[in-house]
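Colleague: Hey, can you walk me through this one? I'm new to reading structures.

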Amino acid sequence: NAIKDAINELTLNPNRTNPILSNFGIMGHSYGGVISANLLAEYQLHGIPKPKFALLCQPGHSIITSGRIPSYSGIEPDIKLLMVVGENDLVVGDSFAREIFTTTSTPSNIKNLVTHNNDLSGEPEVRATHQEPLAKDLAYDGGIGSLVITTAYGLSKEDAVDYYCYWKFSDAIMDCSFENTNCNYAFGNTYEQKFLGTWSDGQDINYMTVEQ
């Protein structure tokens, strides 16, 4: 309903930018990754545009186990799928991402499972916990409080992981899906995809691990 309300507002309000509904994708973190996968599989049922891609960031559930659908094998194979998990994600792990990875029929050139790894050899340390996709910005605070939001503000930080992992993948998968450019930053087990920046001595930070 929120997606449809947003589309109506953007489409009908002359003061808004008119959306290009053919360029539609979904991104979600944690339980939002489960919701995103549900929408991928059932976009027609919910009356939203067909997504061209999904970026699932550490998707899964821990305390909340309801809300998922019985199977994700029906996700259409032309929808680009990029799933990123953390090596030390002790909240949701990688089981849900691996379920999507193994049960969908999406070809390997547009479906990757990426593991973001720890590298504690420099400062600031690069970690791979469940909080790594978070980077707080009060400009986007909706004023709603919860345990999850409070925890996010306390544990999140802006670092190389945001720039070279989640922001890079967000930009790259949109470029690849909408303009057919920069696909080598989103898929293919390429250097550009795996690269996570360098330390001050010029050494590369531990590469991300890519499964196709």
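Colleague: What do I need to know about the model before we start?

Modeller: It's a predicted model, where local features need pLDDT of at least 70, side-chain atom pairs count only at pLDDT 80 or more, and totals for chains, interfaces and linings use all residues. Residues are numbered from 1 along each chain as its sequence is written, and side-chain values use heavy atoms, with hydrogens and water left out.

Colleague: Which residues lie nearest the centre of the largest pocket?

Modeller: His 29, Ser 30, Leu 134, Val 148 and Ala 152, out of 39 lining residues. Lining residues are those with an atom within 4 Å of a point.

Colleague: And which element gives the most to that lining?

Modeller: Helix H5, with six residues. H5 covers 147–155, and the others that each supply at least two are strand S1 (25–29), helix H2 (31–41), strand S2 (53–57) and helix H6 (160–179). Helices (H or I, at least four residues) and strands (E, at least two) are DSSP runs, numbered from the N terminus.

Colleague: How many of the lining residues are nonpolar, polar and charged?

Modeller: 20 nonpolar, 14 polar and five charged. Here Ala, Val, Leu, Ile, Met, Phe, Trp, Tyr, Cys and Pro count as nonpolar, Asp, Glu, Lys and Arg as charged, and the others, Gly among them, as polar.

Colleague: Switching topic: how many disulfides does the structure hold?

Modeller: One. Cys 176 and Cys 183 form it, with their sulfur atoms 2.1 Å apart; the cut-off is a pair of cysteine sulfur atoms within 2.5 Å.

Colleague: Why is that disulfide right-handed?

Modeller: Because the torsion about the S-S bond of Cys 176 and Cys 183 is about 95°.

Colleague: Is Cys 176 buried or exposed?

Modeller: Buried, at 4% relative accessible area, while Cys 183 is partly exposed at 23%. Buried means under 20% relative accessible area, exposed over 50%, and partly exposed in between (1.4 Å probe, protein chains only).

Colleague: What about Cys 57?

Modeller: Cys 57 is in no disulfide, and the nearest cysteine sulfur, that of Cys 165, is 7.4 Å away. Cys 165 is in no disulfide either. Cys 57 is buried at 9%, and Cys 165 is buried at 0%.

Colleague: Now the rings. How many aromatic pairs are there?

Modeller: Six. Rings of Phe, Tyr and Trp (its six-membered ring) pair if their centres lie within 6.5 Å; planes under 30 degrees apart count as stacked, over 60 as edge-to-face and the rest as tilted. Tyr 163 and Tyr 164 are edge-to-face, at 4.9 Å centre to centre with 80° between the planes.

Colleague: Why is the pair of Tyr 191 and Phe 195 tilted?

Modeller: Because their planes are at 35°, with the ring centres 5.3 Å apart. Ring pairs link Tyr 163, Tyr 164, Tyr 191, Phe 195 and Tyr 207 into a cluster.

Conventions:
1 Å grid on protein atoms, 1.4 Å probe; cavity = no way out; pocket = protein on both sides within 12 Å on 5 of 7 lines; lining within 4 Å.
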